Amino acid sequence: MKIQVVIHEAEEGGYWAEVPSIPECATQGDSFEELLNNLYEAVEGCLAVEIAEVPVSDRGRVIEIAV
C-alpha cells in the first residue's frame, strides 16, 4: 500500500508532515530521517484499531497482516 504524505519545512527548524488521506495524522522530526521514522509510527498508530475479542468458530481464525 502506498500513502501520499505532504512534507513541510518547519519555521523553527526540522520538518513536519501530514497524511491527507488519514484525518489528523501528522508528525514531526528534527531531521528528514527522523521525520520518515516518525511517519511510519504515526501511520501505524492512526490506522490501528483496538477491537473487542472477536468470536471465532472452530474453523475460523484471526490473523494480522502488514500493508
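A residue counts as buried when its relative accessible area is under 20%, as exposed when it is over 50%, and as partly exposed in between. Keep that in mind as you look at this predicted model.

C46 has a relative accessible area of 34%, so C46 is partly exposed. C25, at 2% relative accessibility, is buried. The structure has zero disulfides.

Now to the strands. Strand 1 and strand 2 make a hairpin with five residues between them, and G13 in that turn shows a positive phi of about 105 degrees. Strand 2 also pairs with strand 3. The table sets out the two pairings.

| Pair | Residues | Sense | Bridges |
|---|---|---|---|
| Strand 1 and strand 2 | 6-9 and 15-18 | antiparallel | four bridges |
| Strand 2 and strand 3 | 15-18 and 26-29 | antiparallel | four bridges |

Next comes helix 1, which covers residues 32-47. Its 16 residues reach 22 Å from the first C-alpha to the last, close to the 22 Å expected at 1.5 Å a residue.

Which residues of helix 1 are buried? They are L35, N38, L39, A42 and V43. These residues lie on the same side of helix 1 because they cover an arc of only 140 degrees around the axis. An α-helix has 3.6 residues a turn, so residues three or four places apart point the same way. The buried residues of helix 1 pack against strand 1, strand 2 and strand 3. On the other side of helix 1, E33, N37, Y40, E41 and E44 are exposed.

Methods:
Residues are numbered from 1 along each chain as its sequence is written. This is a predicted model: local features need pLDDT of at least 70, side-chain atom pairs count only at pLDDT 80 or more; totals for chains, interfaces and linings use all residues. Side-chain values use heavy atoms; hydrogens and water are left out. Two strands pair if DSSP finds at least two bridges between them. Helices (H or I, at least four residues) and strands (E, at least two) are DSSP runs, numbered from the N terminus. A disulfide is a pair of cysteine sulfur atoms within 2.5 Å. Buried means under 20% relative accessible area, exposed over 50%, partly exposed in between (1.4 Å probe, protein chains only). The expected span of a helix is 1.5 Å times one less than its number of residues. The arc is that of the directions from the helix axis to the C-beta atoms. Contact means heavy atoms within 4.5 Å.
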